[in-house]
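Here is a short tour of one protein, written to be read beside its structure. Let's start with the whole chain and then visit two residues.

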Amino acid sequence: MVFSLIRRITSPQPERRLEPRGTRIDGRIALAGRSYPLKDWSRRGFSAVGVGAELYPGDKIAFTVSVTLEEEHFSFDCAAVVVWVDRERKELAGVFTDLDA
């Protein structure tokens, strides 16, 4: 038992995500008439902060993304499935099911 505890402490956690998350991105999502800042982004999914909506893992959501990349503004519609919700920190993460770029 002690050895397994030491192994957990000394060995780094493996990355569970299939796609690495991007660095902070200058963008927001519009969901249910409210706007929330993006925390991070990848080709497979996203997370946003300040989300107070009553959403649960497995919920399907439709939203609009607005981002600024290299001083150019983009806005497009998306659909995703909620992967996790942290109600205390008001964070939400989702995996894209449809991107309309």
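Predicted model: local features only at pLDDT ≥ 70, side-chain atom pairs only at ≥ 80, totals over all residues.

A residue is called buried when its relative accessible area is under 20%, exposed when it is over 50%, and partly exposed in between (1.4 Å probe, protein chains only). Residues are numbered from 1 along each chain as its sequence is written, and side-chain values use heavy atoms, leaving out hydrogens and water.

The protein has one helix and six strands, taken as DSSP runs numbered from the N terminus (helices: H or I, at least four residues; strands: E, at least two). Along the sequence, their order is α-β-β-β-β-β-β.

Now for the two residues. Serine 47 sits in strand 3 (residues 45–49), whereas aspartate 59 belongs to the loop between strand 3 and strand 4 (60–69).

| Residue | Relative accessibility | Class |
|---|---|---|
| Serine 47 | 4% | buried |
| Aspartate 59 | 26% | partly exposed |

Each has a polar contact, meaning a pair of N or O atoms within 3.5 Å; within protein, one must be able to donate a hydrogen and the other to accept it, and residues adjacent in sequence count only if both atoms are side-chain atoms. The side chain of serine 47 pairs with that of aspartate 40 at 2.8 Å. For aspartate 59, the side chain reaches the backbone nitrogen of tyrosine 56 at 2.8 Å.
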